[in-house]
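Student: Could we go through this model together, looking at its backbone and its pockets?

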Amino acid sequence: MNIGNQIKVFRLKKSVTQEAMAEHFGITAQAVSKWECGTSVPDISLLPELSAYFGVTIDALFALDDETRMERIQNMLWDERYLNPTDVENERTFLLEKARREPENGRPHELLADMEIKLTQEHQGKAAEYAMEALRRDPNLVEAHSLLVQAMNGRCWDWCETNHAALIRYYEEFMENNPDNWHAVMWLLDQLIDDYRFDEAEKWLAVFDKIDTTFRVPLYRGVLEWHRGNKEEAYRIWEALCRKYPERWNLLDNVADYLARDGRYDESIQWHRKALAVGKPPRYVDSIVSIAQILELQGDYAGAIAAREEELEMYKTEWNFTEGETADAVRRDIARLKKRL
């Protein structure tokens, strides 16, 4: 990173001399010259003023290499609750330009998709707050209920609004060009099963069986049986799988999730605890989040708080962070739960 070189670039772009810039900041022209030569750097307190003077972000003053900048973008998406519109526009421009320069690199577009989803979630959160306020003021506003359900991804009665036909078409076409991509088959099966297109799911399960020899095919066989109403057969399949692959925390977590869907909450918590016990650090927090949600559903707010505090401890000891939106969101939920005690 060379801030001096960036200052020179922005100064010349602004068409000002070192003397004029020095006068603006109340420093000597020699100081500006030393910055640009790299023999000294601006005091950190001057960065906001330099940013405003050149009309760029503070980050733009540092010549980050592309990989470092993309890592910074990912961290921004993970750590910040609300994105700064100026940062979004700057990073969107950077990613699109990088994608143009590197047509074989999919990572810029992946980050762009991640950023747009983050923005969508922001808007949905705000929409939910507005809809709730509208209903607080007037409980008879019918459309406000519809907007609230949409904002919080609730259940919509209209099949035409909730089916996954377009996404299914995409993955079917994707598989034509990527016939051995087991990740895509799993996403395709998820959509077909959720739309009750079980016969088509059976056909894709047979395709899946030809390209994957791990636990995944019988896992989805159980998922398909469960959604067809053959729940005990599904549990039999999964429990046999868990005996065969006892270290697969995600298998245990899957069983726990379906037990929760059945309302078998105590059993679900037991299976989630098994998943946590066999997981290797750094562990995903899915199981402990599920436990917290189940305990809240059961009215055990103290237990839910303890589970979320356990989640924070996992972030600290296994993921090595305590700050940022991921941790802050948990703290906000703990504060919400404490009000229920």
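Predicted model: local features only at pLDDT ≥ 70, side-chain atom pairs only at ≥ 80, totals over all residues.

Student: Which residues does the cis peptide bond join?
Tutor: Let's start in the loop between helix H16 (265–278) and helix H17 (286–297), where Pro282 lies. The omega angle to look for is about -5 degrees. The cis bond with that omega joins Pro281 and Pro282.

Student: Is Ser15 buried or exposed?
Tutor: Ser15 sits in the loop between helix H1 (3–14) and helix H2 (18–25). Its phi is near 60 degrees, a positive value in a residue other than glycine. Exposed means over 50% relative accessible area. Ser15 has 65% relative accessibility, so it counts as exposed.

Student: Which helix gives the most to the lining of the largest pocket?
Tutor: This pocket has a volume of about 1,700 Å³. Of its 33 lining residues, the closest to the centre are Lys118, Gln121, Glu325, Ala329 and Arg332. Helix H5 (66–79), helix H7 (107–137), H17 and helix H19 (325–338) each supply at least two lining residues. With nine residues, the helix that gives the most is H7.

Student: How many residues of the lining of the second largest pocket are charged?
Tutor: The second largest pocket has a volume of about 830 Å³. Among the 24 residues that line it, Met186, Asp190, Leu219, Tyr220 and Asn254 are the closest to its centre. Helix H11 (182–194), helix H13 (216–228) and helix H15 (249–261) each supply at least two lining residues. The lining divides into twelve nonpolar residues, five polar and, to answer you, charged ones numbering seven.

How values were computed: Residues numbered from 1 in each chain as written. Heavy atoms only, no water. Helix = DSSP H or I, 4+ residues; strand = E, 2+ residues; numbered from the N terminus. Buried < 20%, exposed > 50% of the residue type's maximum accessible area, 1.4 Å probe, protein only. 1 Å grid on protein atoms, 1.4 Å probe; cavity = no way out; pocket = protein on both sides within 12 Å on 5 of 7 lines; lining within 4 Å. Points joined across faces, edges and corners; volume = space filled by probe spheres on them. Nonpolar A, V, L, I, M, F, W, Y, C, P; charged D, E, K, R; others polar.
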